[in-house]
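Hi,

Here is the structure I promised to pass on. Please have a look at it first, and then read my notes below.

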There are 2 protein chains.
Amino acid sequence: METQLDDLKFDAQGLIPAIIQDAATHQVLMMAWMNRDSLAKTIQTKKTHFFSRSRNKLWLKGETSGHVQHVKSIAMDCDQDVLLIGVEQVGAACHEGYYSCFFRELQPDNGWKTVAGRMVDPEKVYKKK
Amino acid sequence: METQLDDLKFDAQGLIPAIIQDAATHQVLMMAWMNRDSLAKTIQTKKTHFFSRSRNKLWLKGETSGHVQHVKSIAMDCDQDVLLIGVEQVGAACHEGYYSCFFRELQPDNGWKTVAGRMVDPEKVYKKK
């Protein structure tokens, strides 16, 4: 595994952006950051792991909610500094309960509007444990 | 336009990652960085403009190649620090001549493999001017 990770360009903080998309529909679900360890763990377990810059730690996506992402493909871009990962999403990708984190769109009148419906109630997913 | 740009969280360098996808098929084409000016210009002209960290300047995507991106939608994520922009891509998004910059995929044997065909010859697009 070492060799192909060496092909990637991690930034000064040792991170690389990872775009996550639904492998079947190509809908973009989220973007998060990976370091070398979280990517290695993602490849090894076939579940996405990210690096939290605010908490300064590796986390398994879905560790609290159960909404894990099963990895189907991993691509890199021409500059080898961005990843695109195709997944099968369990439940909702967004902690606000939407399938995709990109649920707000800019309207012609220049306001942001929620254009998707909530899939799950975040209160139920994160608080009633 | 000022108000809705204020809703976004630009990083310490004043930048925000922008994921570009084909508005019709949802294929992810590239990721690049925008600052406030390049996003304002993108909204105003309906053609994507980015901020080049290496050249420290704003650039119109396609300024050399003619391969511009006509903006169809702009979404932001839940944390308001990533953009997802749907476009109609003229020609190829990638400077290496592929429609998408994500043309290499990790294989089960752990090597990266080119999984797309070149759409245009980059020599013709960028050098014969």
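**The core around B:Leu83**

Leaving aside residues up to four places away in sequence, B:Leu83 touches B:Ile16, B:Ala18, B:Ile19, B:Met34, B:Ile74 and B:Met76. Please keep in mind that this is a predicted model. B:Leu83 belongs to the largest nonpolar core, which has 62 residues, and is among those with the most contacts inside it, together with A:Ala18, A:Ile19, A:Leu83, B:Ala18 and B:Ile19. As general background, nonpolar side chains tend to be buried together in soluble globular proteins.

**How the two chains meet**

The contact between the chains involves 32 residues of chain A and 32 residues of chain B. On the chain A side, two or more residues each come from helix H1 (2-6) and from strands S1 (15-22), S2 (28-35), S5 (69-76) and S7 (104-106). S5(A) gives the most, with four residues. By type, this side of chain A divides into 17 nonpolar, 10 polar and five charged residues.

How are the two copies related? The same surface serves both copies, as 100% of the contact residues of chain A recur in chain B.

Strand pairing also crosses between the chains. S5(A) pairs with strand S7 (residues 104-106) of chain B in the antiparallel sense, over two bridges. Within this pair, A:Ala75 has B:Glu105 as its bridge partner.

**A sheet built from both chains**

There is an open sheet of six strands with mixed pairing, in the order S8(A)-S7(A)-S5(B)-S6(B)-S1(B)-S2(B). Strand S8 (112-114) of chain A and strand S2 (28-35) of chain B stand at the edges with a single partner strand each, so one side of each has no neighbour in the sheet. From one strand to the next, the twist averages 35 degrees. H2(B) packs on the sheet and touches S2 and S5 of chain B, and its direction makes about 120 degrees with that of S2(B). Inside the sheet, S5 (residues 69-76) and S6 (residues 83-89) of chain B run antiparallel and are joined by seven bridges. Here B:Gln69 stands opposite B:Gln89.

In chain A, S1(A) has two pairings to look at. With S2(A), S1(A) runs antiparallel over seven bridges, and A:Ile16 has A:Met34 as its bridge partner there. With strand S6 (residues 83-89) of chain A, S1(A) pairs in the parallel sense over five bridges, and A:Gln21 stands opposite A:Gly86.

**Two residues with positive phi**

S1(A) and S2(A) form a hairpin with five residues between them, and A:His26 in the turn has a positive phi of about 70 degrees.

B:Lys46 is found in the loop between helix H2 (36-45) and strand S3 (49-52) of chain B. With 14 other C-beta atoms within 10 Å, B:Lys46 is partly exposed.

Best wishes

Key. Residues numbered from 1 in each chain as written. Chains lettered and ligands numbered in written order. Predicted model: local features only at pLDDT ≥ 70, side-chain atom pairs only at ≥ 80, totals over all residues. Contact = placed C-beta atoms within 7 Å. Nonpolar A, V, L, I, M, F, W, Y, C, P; charged D, E, K, R; others polar. Pairing = 2+ DSSP bridges. Core = buried A, V, L, I, M, F, W, Y, C linked by C-beta atoms within 7 Å. Buried ≥ 20, exposed ≤ 12 C-beta atoms within 10 Å, placed from the backbone. Axes fitted to C-alpha atoms, helices over the stretch in contact; angles between N-to-C directions.
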